[in-house]
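Please keep the structure in view while reading.

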Amino acid sequence: MKSSTRFWLTATAVVALSLAPKIILGWLRDATPAPPTRTEALRRFLAEVSGGPVSPITEGKSAKVIVGWRFEAGRCAASAFPSSPSGTFDLLARNEARAEAGSQMDYVYRGAVGRNPPTWTLAFDIIAFRAISAFSPSKIDPPGYTVLVLPAGCAEARTLPWSRFKSD
Amino acid sequence: MAYSDGGFRGMAIAQSVQPAAQTRALGRPQIYAIGILALIANAIAATVASTVAAQSLGAALAAGLGLSWAFWLSFALTVRLALVSQAQPTDRGDWLAASAAVLAAALPAGPVSAVAATALGLWLMASTRFAPQLRASGMALVAISVHLLWGRLMMLFFAAPIAAVDARLVGLLTHTAVEGNTVKFLQTGHRLAILQACTSVQNASIALMLMIAIIRTFQPRPRASEWLYVGGAFLLVVAINEVRLSLMTRNVEMFELVHGPVGATVINLIITFVGIAGAALAVRREILD
């Protein structure tokens, strides 16, 4: 057998064997039911604690993708968005804040509410998540924060019991 | 392979008396090439799988299986560099390193493969007993791992300020208002939001990875002067990207043209061309000889 043929056969076998654990875990993940998304978990939390109606904020031409929720906190009508994929800088939440003059954005992560996105804390958590979740046969959403868009003079949404919100 | 020193004849004679068993065994170039193949294949497996799942196989192939054509060319050149390196017998260290690479590749986490690719690349670069081409393949492998992992990790932390710098540069070109990572359109009230995928750093990393792979192919031993060309290519890609972003802010029609499929194809071709041209300039003597 030619040495080049021997090499490529060996290389193909090694690569295929090394890919096997990923393929098997992928099959297992496909077979397990997906847990509620962060968007749905946020809706359930807001419905439970806000005491008022929770309505979806949709995006896209067919308005089928739910990207956030409008809810009532005390006397205020606020909105909440799960953080957008990394590198997209919560564009939709920013558009919502820009549409209402005087609105401000707060960020909720691990039960704490702050004025700035938890970039570095979240980055380390994502690194840890990617290292650990790859070994899990379950589907798990990566960690993320929640963006609150609050009208001027409205602070009630910050005082919701965010420590009970477990999806971030 | 070319031996430029006077030891060629001695080596040729030595090779002719090697026992037949040696020619059947995998040599140093081959086992490290296998390690490189296993690591990169596993590092990109999730990206390829999700691309194929999201569209037809034909469309996925046309889209580069979720990766740029500059990546695939860099990958191929890196493996080739390892394979064409001088045939050398293996020792225990080679088998340990290659085995560790394959074991790391077999772990379910793709990022672990990219980390291991960095480690293997640095191992190849550092060892003076390896042939120049094999050491050069290590540098190209590190460049690929930077593109696949370390650059993206850096973006987890610094995407916002990098996008803000891009926005500031675009604002200087267009003389329009800038707020964070957004730039006001010239002719309408819209705002352009510069996201991570459109930043200059993200685009430049692709050209740089390709440049390093091509330069190492023609000149395995690094030269100080080549970093001038690498730096120049980086600045050129940044400038091209700023012009592209500025064009997008003219009006909505221009945004949709430049940001749409046609514009994306054009910018990918330009960035690939910059990488190839920059590399060709850096190794023009080796190409023309």
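A:Asp106 and A:Arg158 meet through their side chains in a salt bridge with an N to O distance of 2.1 Å, a salt bridge being a side-chain nitrogen of Lys or Arg within 4 Å of a carboxyl oxygen of Asp or Glu. The pair links distant parts of the chain, 52 residues apart: A:Asp106 lies in strand β4 (residues 104–109) of chain A, and A:Arg158 in the segment after β6 (146–150) of chain A. Strands here are DSSP runs of E with at least two residues, helices are runs of H or I with at least four, and both are numbered from the N terminus.

The model is predicted: local features need pLDDT of at least 70 and side-chain atom pairs pLDDT 80 or more, while totals for chains, interfaces and linings use all residues. Residues are numbered from 1 along each chain as its sequence is written, chains are lettered from A and ligands numbered from 1 in the order in which they are written, and side-chain values use heavy atoms, without hydrogens and water.

A:Asp106 also meets A:Arg115 in a salt bridge. The structure holds 15 salt bridges over all chains, including these:

| Pair | N to O distance |
|---|---|
| A:Asp106 and A:Arg158 | 2.1 Å |
| A:Arg115 and A:Asp106 | 3.2 Å |
| B:Glu179 and B:Arg191 | 3.9 Å |

Burial is judged by relative accessible area: under 20% is buried, over 50% exposed, and in between partly exposed (1.4 Å probe, protein chains only). A:Asp106 has 0%, so it is buried. A:Arg115 is exposed because its value is 53%, and A:Arg158, at 25%, is partly exposed.

What does B:Glu242 do without, although it is buried? B:Glu242, in helix α10 (residues 226–248) of chain B, has no salt bridge, and the nearest side chain of opposite charge, B:Arg244, is 8.6 Å away. Lys and Arg count as positive, Asp and Glu as negative; His and the chain ends are not counted. The side chain of B:Glu242 does make a polar contact of 2.8 Å with that of B:Ser200; such a contact is a pair of N or O atoms within 3.5 Å, one able to donate a hydrogen and the other to accept it within protein, and residues adjacent in sequence count only if both atoms are side-chain atoms.

Helix α6(B) has buried residues too, among them B:Asp94 and B:Ala97. The side turned away from the buried one carries exposed B:Arg92, B:Leu96 and B:Leu103. B:Asp94 also belongs to a network of salt bridges with B:Arg28, B:Asp91 and B:Arg129.
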